[in-house]
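Hello,

Here is the structure for your files. My notes on it follow below.

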Amino acid sequence: MEAERVRDVWGRRTPHGADGSWPSRVDQQLLDGVDAAMVTWHQSACVLCSNGCGLDIGVVDGRMVGVRGRADDRVNRGRLGPKGSYGWQANLSPDRLTTPLVRREGQLQPATWDEAMELVVARSRDVLNRRGPLGMGFYTSGQLFLEDYYTLGVLVRGGIGTPHLDGNTRLCTATSDFALKESFGSDGAPGSLTDFDLCDTIFAVGHNIPETHTVLWARILDRLDGGDPPRLVVVDPRSTRIAQAATVHLPIRPGTNVALLNGIQHELVARGFVDETFVQEHTIGLERLQKTVAEYSPDLVSTICGVPAADISAAAEVLGQSQRLVSTCLQGVYQSNQATAAACQVNNITLLRGMIGRPGCTVFQMNGQPTAQNTRETGADGDFVGMRNWQNPDHVAELAQLWNVEQSQIPSWAPPTHVMQMFRYAEEGSLEFLWITATNPAVSLPELHRIRSILSQDRVFVVVNDAFPTETTQLADVVLPAALWGEKLGTFTNHDRTVHLSEKAVEPPGEARADLDIFLDYAARMELQDKDGKPLLHWRTPQECFDAFKEVTRGRPCDYSGLSYEVLRGSPGIQWPATPENPSGTERLYTDHHFHTETDYTEDYGHDLATGASRERKDHVALGADGRAMLLAAAYEPANEQPDEERPLLFTSGRTVHHFHTRTKTGRTPELEMAAPEPWVELSPADADAHGIEEGDLVSVESARGRIEAPARICGNREGVVFAPFHYGYWDSSASLDGSGPGDRPTAANELTMTSWDPVSKQPTLKLAAVSIAKVSP
């Protein structure tokens with residue numbers, strides 16, 4: 001029987017106008033034959049996108065049997081998308097990892113926890129003795145809990161003392177983090193999801209909301225079907241559902257975001273749509289910005305971006321006439337050319353219009369993963385914990401005092417290392433130990449043949465924590481079976497700063513352990529200590545870890561000091577900052593239009609958007625921001641790789657509504673896998689005609705680095721652009737010999753992508769590659 005929420009992705013409409021609150025609608029899914037009266041419910045939230053929809057996990061006789069939305073949750077008011085409704089079934093998958101695995105004689109074989117951990121510790125000590133901390137690297141996820149990340153962050157930065165720690169959030173929302181720091185002085189979404197209920201205009205740049213954030217799109221649909229619907233301005237080369245609903249759709253040439261956004265700013269300035277009072281009182285940088293955007297007339301931008309000049313002017317008019325504007329962007333900005341520069345231009349538009357710090361007015365530099373925000377807050381990626389500035393010695397000294405370690409132990413002498421650089425160090429031989437947690441780089445990183453080669457080297461010892469066999473576990477030396485969401489206790493934070501508690505509903509299968517417990521075990525075996533000789537990690541439970549973390553955030557932008565498990569238990573979700581004086585949280589930041597740009601407080605001194613060069617303290621002082629936001633100018637620069645005679649098309653990738661990341665969970669969920677069992681390639685009718693391709697033909701798409709094969713879909717996308725979803729790897733492919741690589745039919749989109757990244761955020765440029773296309777068979 002067809003699953004209802006696979007067919008009806010966004011569910012029943014509950015329309016309302018801008019003057020009303022979003023009505024509740026409770027979605028529930030139970031396994032067939034389960035008696036609802038026998039179910040016990042455990043509080044949690046969804047972990048299959050960054051919306052973080054509140055839900056309860058249903059359990060009968062110690063086994064997960066379903067989920068239901070929480071009607072009072074501030075994020076979703078009871079709704080669940082397809083992945084939230086069905087994705088929990090991955091926990092029940094028969095191929096769950098249940099015992100440690102150790103590579104012996106070239107094969108992964110079962111081992112005891114002691115055997116596996118003793119091997120991990122022995123190799124760690126060997127590398128530390130020969131190479132020092134720079135021989136060690138750690139690469140984590142955007143799907144663990146806050147408590148897992150914070151434990152890892154302290155272990156790596158305060159214990160091992162290496163800067164080589166990053167999250168796979170580098171691939172999805174590192175640019176979100178950096179754009180917020182560049183413009184406003186710190187990370188953290190300025191607004192609230194409730195602003196979508198109140199706005200009169202939505203500006204979506206490279207953000208396919210209907211497929212990436214299904215419940216958020218349901219929220220917007222309820223506005224579109226109600227009185228006084230918002231107008232939509234959409235930037236996307238594809239004819240997505242949100243593009244079809246747009247007042248103005250700008251299907252620009254991939255890689256030209258900065259040119260387009262400069263053109264829109266040109267029009268806002270030229271046509272008098274700037275809130276001059278706000279800009280003069282609360283920003284710096286207007287003069288330079290005006291000088292830059294003056295060159296980007298609609299006619300010039302039209303030639304760069306390939307959209308009509310009249311449409312650029314029309315988009316600017318909609319944005320300029322708005323009284324309550326919400327802007328949002330995602331991977332179409334973050335994974336494209338000039339990522340941080342483009343994201344900052346979206347921030348500029350928000351500031352030029354004075355659309356921040358009040359209801360219905362904000363900018364969302366969106367996240368993609370459920371707990372991406374926590375990697376940044378806890379210092380488990382390219383940031384320091386509590387949104388501290390790694391360049392500020394006072395911030396580092398404060399952190400050393402809180403951890404009771406010597407300040408010199410914390411690696412603040414260089415920027416935290418991003419994952420692309422870590423893999424380069426491993427390729428060159430200086431990094432010999434790599435611990436990967438809950439992520440699948442053998443499918444998600446660019447130029448996959450290179451990534452597989454690096455992970456396969458004998459000189460790199462690879463440890464992987466995961467719940468399932470993946471392309472990456474197949475290349476590991478040690479695999480540690482991990483507990484999943486619902487099998488452990490912890491907290492996580494969504495893209496509008498809402499913190500949820502997730503209760504432990506069931507036991508993990510076999511010998512699987514929570515990542516927190518694995519890291520605690522490792523730290524104890526490594527005898528990591530503070531400067532008084534006591535254990536560096538002084539907590540033993542998730543709640544104790546949370547209490548330690550919230551003290552580290554006290555007084556910082558992401559202040560958790562007023563939160564506790566007791567406060568979160570039963571709550572509809574609470575937005576930080578939440579202090580003892582304001583434990584109910586903060587719906588919007590910057591309501592007084594004072595930003596986190598004081599030099600002594602700011603999370604980052606900023607960068608040159610073109611080169612990525614870091615500003616020093618003296619440079620930041622000279623700016624004189626002192627609590628004002630920054631308008632940041634950037635000239636358009638063409639992408640490094642352009643179509644040519646051999647490869648005349650541009651390739652871009654993205655998500656489909658039924659899958660998440662590399663299908664590690666959703667591919668093991670029957671309803672979701674049945675809905676989207678294989679990849680496809682989208683191209684325009686004109687491109688299909690030019691290459692003799694018809695609907696359903698098997699086609700080959702080839703770049704300078706690799707190729708993929710998939711059936712063709714002919715649709716209304718921009719001419720010259722080829723699209724494929726990036727989810728489809730090889731763990732379940734019959735064509736793959738061992739589940740780690742493509743065999744004779746490559747399907748992973750990142751076979752095509754290039755080893756290139758944004759100069760500021762270091763986010764890989766996954767959405768641009770010059771390709772050719774050819775029919776393989778009808």
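How many bridges pair strand 18 with strand 19, and in which sense? Strand 18 and strand 19 (residues 498-502) are joined by four bridges and pair in the antiparallel sense. Strands here are DSSP runs of E of at least two residues, and helices are runs of H or I of at least four, both numbered from the N terminus. Two strands count as paired if DSSP finds at least two bridges between them.

The model is predicted: local features need pLDDT of at least 70 and side-chain atom pairs pLDDT 80 or more, while totals for chains, interfaces and linings use all residues. Residues are numbered from 1 along each chain as its sequence is written, and side-chain values use heavy atoms, without hydrogens or water.

T491 lies opposite L501 of strand 19.

A second open sheet, of four strands, has the order 1-4-3-2 and is also antiparallel. Strand 1 (28-30) and strand 2 (40-45) form its edges, each with pairing on one side only. Strand 2 runs antiparallel to strand 3 (residues 54-60), with six bridges between them. S44 is opposite L55 in strand 3.

Helix 17 (residues 339-352) has 14 residues. Because 14 of the 14 are buried (under 20% relative accessible area, 1.4 Å probe, protein chains only), helix 17 is largely enclosed by the rest of the structure. Just after helix 17, G354 has a positive phi of about 65°.

Regards

Conventions
The expected span of a helix is 1.5 Å times one less than its number of residues. Buried means under 20% relative accessible area, exposed over 50%, partly exposed in between (1.4 Å probe, protein chains only).
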